[in-house]
Amino acid sequence: MRISTTSGVRQGCISAPILFCVAIGWIIQQMSFNPSITVGSSTFTNLVYADDTASLLPSATDATTSLKSYSDSASHLGLNISWPKTKLQNTGSGCKPPDISVDSNTVESVNSFVYLGSLQSSNGQCRPDLMRRIGLACAVMTSLKRIWSDKRLTLDTKLRIYQTLVLCVLLYATDTWTLLSGDVRDAFHQKCLRQLLGIRWYDRVRNDEVLQRTGLTSLSHLISRRCISVYLGMWLDLTTSHRQTWLFSSTSTHHSTDLLTACGVAHGTSGSTFFSTVAPSRSIEI
């Protein structure tokens, strides 16, 4: 049955995130209780993308009051919090906080939470998100097995499909990862490339030769290149806005520290930060 509407935007409209940001911004300004956290010299209260909101709270005791204030402000626009999707997470030092209740709605406390497609872990490590990404990419790789075994397709075509459909899933949000030396393993990447080349386990082909045949680089190099491109973009934005020329000399370490501080990255900072993701249950009508 077709339902005619006279206001609002269609599903998938590119203006929807902008409208949500305007509405969420008004809701946050109207909150009677809006705590914040401090990272370096910067203060943060929340992170907002469309109807997904992450409130940054210094302690678990502030979560109940903050969510109650948010819910009251959102009701003026006809918006309701999706309580089943709202979670409480400790992203700093300390133990897992207890579940809380807001207006007879239970907010579950979790150790990990998927926010904007990335797995946020309480210990701050990116390895769980990496393993999750490998699992998602493996599912895509398996669903395309008929394409990999099709001998009518050239290797160049298969590589393009692999980079478009598999690598984009594997490398999603990798530019925000902070990985340890033992986190990145090229086993999955190598396994996929060997499947494209038709190499069996008993063929004894070295990994370097596999990369040479396909013209691709290792997974660790792909992740490093993405991370560097983000920090390079931030560095260019800073130098453009301040109209300064950064000279890398023997004091480049001090320049790097100043750059990270300006970007809001704290060194040796500890404490408890609580994320509470809030999603209004219905869209805004304008």
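The model is predicted: local features need pLDDT of at least 70, side-chain atom pairs count only at pLDDT 80 or more, and totals for chains, interfaces and linings use all residues. Residues are numbered from 1 along each chain as its sequence is written, and side-chain values use heavy atoms, with hydrogens and water left out.

**Confidence**
- Mean pLDDT (the predictor's confidence in each residue, from 0 to 100) is 78 for the protein, and 79% of its residues reach 70 or more.
- The pLDDT is below 50 over residues 243-286, a stretch with 98 contacts (heavy atoms within 4.5 Å) beyond near neighbours in sequence.

**Strand residues**
- Threonine 53 lies in strand β4 (residues 52-57); strands are DSSP runs of E, at least two residues, and helices are runs of H or I, at least four, numbered from the N terminus.
- Threonine 53 counts as buried because its relative accessible area is 0% (buried is under 20%, exposed over 50%, partly exposed in between, with a 1.4 Å probe and protein chains only).
- Tyrosine 49, in strand β3 (residues 46-49), is partly exposed at 48%.

**Surface patch**
- Tyr49, Leu116 and Tyr172 make a nonpolar surface patch of about 300 Å² (residues with over 30% relative accessible area and no salt bridge, nonpolar side chains joined within 5 Å).

**Helix α6**
- In helix α6 (residues 187-197), the buried residues are Phe188, His189, Gln190, Cys192, Leu193, Arg194 and Leu196.

Notes:
Patches are made of residues with over 30% relative accessible area and no salt bridge: like charges are joined within 9 Å, nonpolar side chains (Val, Leu, Ile, Met, Phe, Trp, Tyr) within 5 Å. Accessible areas come from the Shrake-Rupley method with a 1.4 Å probe; for residues, only the protein chains shown count as cover. A salt bridge is a side-chain nitrogen of Lys or Arg within 4 Å of a carboxyl oxygen of Asp or Glu.
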